[in-house]
Amino acid sequence: MNPKRMTKTGIARIWAAFFYSLNGLRAAISNEAAFRQEVCIAIVLLVVLLFLPLSLFWKGLLFFASMSVLVVELLNSAIESVVDIASPEYHDLAKRAKDLGSASVLVSIVIVMVLWGVAIFIILQGEPN
């Protein structure tokens, strides 16, 4: 096992953490098909969001809900990676961990679909912003 590296402090730590985060995003984009698909859908939704006649509150709500799917997918991918390295053979608990991570993505997607559905209903009803 490698000895622990010297930890950075202050601005150097923040700067290093920023690049670790970029590495994580690169890994997700290059290795996770679901993440790539969700990024494409999020981009489309956010472009559409710019043109919808909704209040700033609703636009913010839809923005954060849509982005939460990406956050949850990143966490799910991290869980799956850890499970794969910790339990390369099939194990009921490993399956449960992966299924729970996947369920969290599903729940976040359902929340987004419900919120977008309500927003479209509001627009179609012609309610004020």
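Modeller: A place to begin is the cluster into which ring pairs link Trp 15, Phe 18 and Phe 19. This is a predicted model, where local features need pLDDT of at least 70, side-chain atom pairs count only at pLDDT 80 or more, and totals for chains, interfaces and linings use all residues. Residues are numbered from 1 along each chain as its sequence is written, and side-chain values use heavy atoms, with hydrogens and water left out.

Colleague: Why is the pair of Trp 15 and Phe 19 called edge-to-face?

Modeller: Rings of Phe, Tyr and Trp (its six-membered ring) pair if their centres lie within 6.5 Å; planes under 30 degrees apart count as stacked, over 60 as edge-to-face and the rest as tilted. The structure holds five aromatic pairs. For Trp 15 and Phe 19 the centres are 5.0 Å apart and the planes stand at 75°, so the pair is edge-to-face. Both residues lie in helix α1 (residues 10–31), four residues apart, about one turn of the helix. Helices here are DSSP runs (H or I, at least four residues), numbered from the N terminus.

Colleague: What makes Trp 15 exposed or buried?

Modeller: Buried means under 20% relative accessible area, exposed over 50%, and partly exposed in between, with a 1.4 Å probe and protein chains only. Trp 15 has 55% relative accessibility, so Trp 15 counts as exposed. Phe 19 has 35%, and therefore counts as partly exposed. Phe 63 and Phe 64 form another aromatic pair that is edge-to-face, with 5.2 Å from centre to centre and 80° between the planes. Phe 64 is exposed, at 60%, and Phe 63 is partly exposed, at 34%.

Colleague: How do you know that Asp 84 and Lys 98 meet in a salt bridge?

Modeller: A salt bridge is a side-chain nitrogen of Lys or Arg within 4 Å of a carboxyl oxygen of Asp or Glu. For Asp 84 and Lys 98 the N to O distance is 2.5 Å, and the side chains meet in a salt bridge. This pair links distant parts of the chain, with Asp 84 in helix α3 (residues 56–86) and Lys 98 in helix α4 (residues 92–125), 14 residues apart. Asp 84 is partly exposed at 41%, and Lys 98 is partly exposed at 26%. By this rule the count comes to two salt bridges.

Colleague: Which side chain does Lys 95 meet in a salt bridge?

Modeller: Lys 95 meets Asp 99, at 2.5 Å from N to O. Both lie in helix α4, four residues apart, about one turn of the helix. Lys 95 is partly exposed at 39%, as is Asp 99 at 38%.

Colleague: What makes up the largest nonpolar core?

Modeller: A nonpolar core is a set of buried Ala, Val, Leu, Ile, Met, Phe, Trp, Tyr and Cys residues joined through side-chain atoms within 4.5 Å. The largest core has twelve residues in all, among them Leu 49, Trp 58, Val 69, Trp 116 and Ile 122. The elements that give two or more residues to this core are α3 and α4. Its largest share, five residues, comes from α4.

Colleague: Which residues is Leu 49 in contact with, leaving aside its neighbours within four places in sequence?

Modeller: They are Lys 59, Leu 62, Phe 63 and Trp 116, where contact means heavy atoms within 4.5 Å.
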